[in-house]
Amino acid sequence: YRCWFLFHPDHVEQVLAKQADKFIRFRKIMNILRQWNGNSLLIAEGNSWKDRRRKVLPAFKQQRMPEYSKMVVQHANEFSKDITDKIKTRDSYQCSIDSVMAQYALDIAGITLFGKKLGSSSKEISDSVHGLSEIAYSETTSPFTLPSFIPSASNVHKRHVMSVMKDTISAIVSERLSASDSDHGDLLSILIKHHGHDQTAIEEDVMSLLIAGHETSGATLSWLFLLLAKNQTILQRVHGELDEVITGDIPEHGDLMKLPYLTATIKEVMRLYPAPYALFCREAVENVDLDGLSIKKGDLVQLLPYVTHRDKRWFEAPMEFNPERFLNEEAWPKYAYFPFGAGPRVCIGQSFGMMEVALTAATILKNHMLQPIDKIPEPSPRFSLRPNGHDEVVFMERSK
């Protein structure tokens, strides 16, 4: 393949928005993900994708966010109380933040998707999701993979983790389909309604939302707590804003609009450490002219938010963690910042993701502080951008 790596905002705009119809996601990658995602919203192209998006979009309408917010805050509050209990016995709570946030985000995904935690199968599902992420990364970056019918150790492992995920989701969907048609206030209720009880389509989209949603949120929360632990002045300002805005024990959905500094902090985290550090590679389906670049049919195009977000042409002191830049009018081109992608295939759950991260952070930081750390761990570019170990943080009770 001939592959173009493009970093300029003008080229990002052309590929994702103005000439998006001239590209599809790289078929090799999509075929790998199709093994467990089926023909879900994540995988589909053309009219099939438009139909899928039309059916899934109602699940993420703004009027449903307050109900989702209650679910997120309830779980975040339980998590915060658990931290408090651990602190009382040890004076502090030290943890590998990425591991903890991955499990936390999976619990949130279960609650908002199905209206309940994944329960006793949570650990096995967490291991399976991690396994699928590693398999996806390995197979998409390898020039050759063994056919699935060969009983190699990797194929046996892949079949196992795929079976765990599919069996779990199928059981939950089957139970809901046989129970009633009532709206439980969760994402599954919407998918059942708009997919017309098509169990295969429902399960495919549930699989994609469960994996993609918890991967990105968990990674963003991990980087958020690490960066705040490293930058105590910024953490103090976040604490001050939370104390001023949140008058009760826990935040509410309406508080989000009153937390501009926390929102700016999260946006700055996603600028420096975007979970989707590289968007799915695009494949040109016809010859394309991108402002003088002659992209031929069959050429691949790679866009990397991680690189564009750190370009000094668009961001002053780009390596500096500075939420202030998001409190003022944007001084960079529109397509220089795209942590959720852009154009027709912009992340359908971006509002949900921002809400989840903000309310989780607000609930936990309202009652806890972070012990300073000396440095931020190196990022590990797997299927999402995660800390490469050395990610311990220490929570302590706040003295107000």
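## How two helices cross

Let's start with a pair of helices: α6 passes α7 in a left-handed crossing. This is a predicted model, so keep that in mind as you look around. In the chain, α6 covers residues 122-141 and α7 covers residues 153-179. Their axes lie 9 Å apart, and the angle between the two is about 130 degrees.

Which residues of α6 and α7 meet? On the α6 side you'll find E124, I125, S128, V129, G131, L132, I135 and E139. Facing them from α7 are H157, K158, H160, V161, M162, V164, M165 and T168. Sorted by class, this contact is made up of eight nonpolar, five polar and three charged residues.

## Aromatic pairs

Now for the rings. Searching the whole structure turns up 11 aromatic pairs. One of them joins F60 and F352 in an edge-to-face arrangement, with 6.2 Å from centre to centre and 85 degrees between the planes. This pair brings together distant parts of the chain, since its two members are 292 residues apart. F60 sits in the loop between α3 (46-56) and α4 (65-90), while F352 belongs to helix α13, residues 350-367.

Another pair to look at is F326 with Y337, which is tilted: the centres are 5.0 Å apart and the planes are 55 degrees from each other. F326 and Y337 each lie in the loop between α12 (305-308) and α13, so the pair ties together parts that are 11 residues apart in sequence. Both F326 and Y337 are buried.

## A cluster of rings

F326 and Y337 also belong to a group. Together with F315 and W332, they form one aromatic cluster.

## A glycine in a loop

Last stop: G196, which you'll find in the loop between α8 (187-194) and α9 (199-230). Is G196 buried or exposed? Exposed is the word for anything over 50%, and G196 counts as exposed because its relative accessibility is 53%.

How far apart are G196 and K55 in sequence and in space? Along the sequence, 141 residues separate G196 from K55, yet in space they are 9.5 Å apart, C-alpha to C-alpha.

Note on methods: Residues numbered from 1 in each chain as written. Predicted model: local features only at pLDDT ≥ 70, side-chain atom pairs only at ≥ 80, totals over all residues. Heavy atoms only, no water. Axes fitted to C-alpha atoms, helices over the stretch in contact; angles between N-to-C directions. Helix = DSSP H or I, 4+ residues; strand = E, 2+ residues; numbered from the N terminus. Left-handed = near helix turned anticlockwise from the far one by under 90°. Contact = heavy atoms within 4.5 Å. Nonpolar A, V, L, I, M, F, W, Y, C, P; charged D, E, K, R; others polar. Phe/Tyr/Trp six-rings, centres within 6.5 Å; stacked < 30°, edge-to-face > 60°. Buried < 20%, exposed > 50% of the residue type's maximum accessible area, 1.4 Å probe, protein only.
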